[in-house]
Amino acid sequence: MKEEKLQLNDGIFDARTLGVPKMIVLGLQHTFAMFGATVLVPLITGLSVSTTLLCAGLGTLLFHVLTKGKVPAFLGSSFAFLGGFALVAPKLADGSSNLEMLPYACGGVVFAGLIYLLMSGLISVFGVDKIMKFFPPVVTGPIIISIGLILAPTAITNCSTNWLLAIVALGTVVVCNIWGKGMVKILPILLGVVVSYVVAVITGAVDFSAIKDAAWLGLPVRGSAMAKFDLSAILTIMPIALATMMEHIGDIAAISATTGKNYIRDPGLNRTLLGDGLATAMAGFLGGPANTTYGENTGVLALTKIYDPRVMRIAACFAILLSFSPKFDAVINTVPTAIIGGVSFILYGMISAIGVRNVVENQVDFTRSRNLIIAAVILVSALGFNSIGGLSFGIGSVTVSLSGLAIAAILGIVLNAILPGNDYTFDKVDVPENPMNMQV
């Protein structure tokens, strides 16, 4: 097959026809998509950026091994655990990172990852159909929508630091995706970053001073930063896994809706949870933040329509290589925040749009009061509680903090379970003409 014949039916590209060089460039694009959010977590918590990149790359490869290489997902830093880190390792009086307590927070992340393994085991024993009865499209759809809407203010905040650069990045992405041909059409994110970065250099918005002082090579893991274990820290951070597992299900549903393949069924939710859980436990052990499947990369999938998981594995290898280069880390950190905001502007909107599509394609009946109530509670809880910083409560001497998305997911699951009329059945049969229809 000639490489000129890249476009198949419905505008979806077959990555097998692209060739190795183009696949590498596509992988680099996914690296750019995840980089801004992935490094933001260590910048906030005080963890090592290099360790975070290493854990993201290794975690993604581990996830792909455990999911039989079928799911086009990238695992990056989870924002859901920021509250736990703030409780276990609060900033010092001078605003510097609490390097003494950070390893204990990472120890809590290790145990949080083990919660995923427990849920994976339950699905393996009782079957995904029984477990998924608690996660029908009327629950997962609004959760996916909420993920994009919750991320939206971050995009606007980043854009506001320099609207010129943000608009150039956003405009380049739109123009390349709508009017571009060939590789231009499937590399909108990378081109958006490059074009807006050139504008940033011309306008003097880039500070190169940190690059000169950075070393070319360095080890990404420090022994003193690796996980240490303390019961109070473990009990503080472990409950967050209950929330992030709901996010995981929403993310896998989003990837499934994007690609048109039901990954909750094949390779199975038990395998995706196992992969995410072990990747999180490994990251915590090495001194990095918890991992999670990344919505940013799902947005890239939706834009490029190239769903080959090998592209994600190439991105993971880039992340691992970058973790050994403080010099490159410094270079990437010169990308202005506004450019990340401009790119995120479209990506975050794509996530919510995918949630809408998930609801529509699964024919959720909103003429039924139960479905309207469930969706309404999820959306209002996710956005409302997120706006006030979530909800915190004490259990003995331990304070548990739930994000708005966690509260929304829990309430949605509970309402779906107790309200009459839950006739949802997970589809066990392949339906080639509508792969994402989960109803019998």
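Contact here means heavy atoms within 4.5 Å. Keep that in mind for the whole talk.

Some ground rules. This is a predicted model, where local features need pLDDT of at least 70, side-chain atom pairs count only at pLDDT 80 or more, and totals for chains, interfaces and linings use all residues. Residues are numbered from 1 along each chain as its sequence is written, and side-chain values use heavy atoms, with hydrogens and water left out.

First topic: a helix pair. Helices are DSSP runs of H or I, at least four residues, and strands are runs of E, at least two, both numbered from the N terminus. Which residues of helix 7 meet helix 17? Leu-165, Ala-166, Ala-169, Leu-170 and Val-173. On the helix 17 side they meet Ala-338, Ile-339, Gly-342, Val-343, Phe-345 and Ile-346. That contact divides into 10 nonpolar residues, one polar and no charged. For those classes, Ala, Val, Leu, Ile, Met, Phe, Trp, Tyr, Cys and Pro are nonpolar, Asp, Glu, Lys and Arg are charged, and the others, Gly among them, are polar.

Now the geometry. Helix 7 spans residues 163-179, and helix 17 spans 337-361. They pack at about 40 degrees, with axes 7 Å apart. So helix 7 is oblique to helix 17. Angles under 35 degrees are roughly parallel, over 145 roughly antiparallel, 65 to 115 roughly perpendicular, and the rest oblique. Axes are lines fitted to C-alpha atoms over the stretch in contact, and angles run from 0 to 180 degrees between N-to-C directions. Helix 7 passes helix 17 in a right-handed crossing, meaning the near helix is turned clockwise from the far one by less than a right angle.

Second topic: salt bridges. The structure holds two. The criterion is a side-chain nitrogen of Lys or Arg within 4 Å of a carboxyl oxygen of Asp or Glu.

Lys-70 pairs with Asp-266, closest N and O atoms 2.9 Å apart. Lys-70 lies in the loop between helix 2 (49-66) and strand 1 (75-77), and Asp-266 in helix 13 (residues 264-286), so the pair ties together parts 196 residues apart in sequence. Lys-70 is partly exposed at 32% relative accessible area. Asp-266 is partly exposed at 38%. Cut-offs: buried is under 20%, exposed over 50%, partly exposed in between, with a 1.4 Å probe and protein chains only.

Arg-310 and Asp-308 form a salt bridge too, at 2.5 Å, N to O. Arg-310 is partly exposed at 37%. Asp-308 is buried at 15%.

Last stop: Thr-259, in helix 12 (residues 240-259). Buried or exposed? Thr-259 counts as buried, at 11% relative accessibility. Leaving out residues up to four places away in sequence, Thr-259 touches Pro-72 and Tyr-307.
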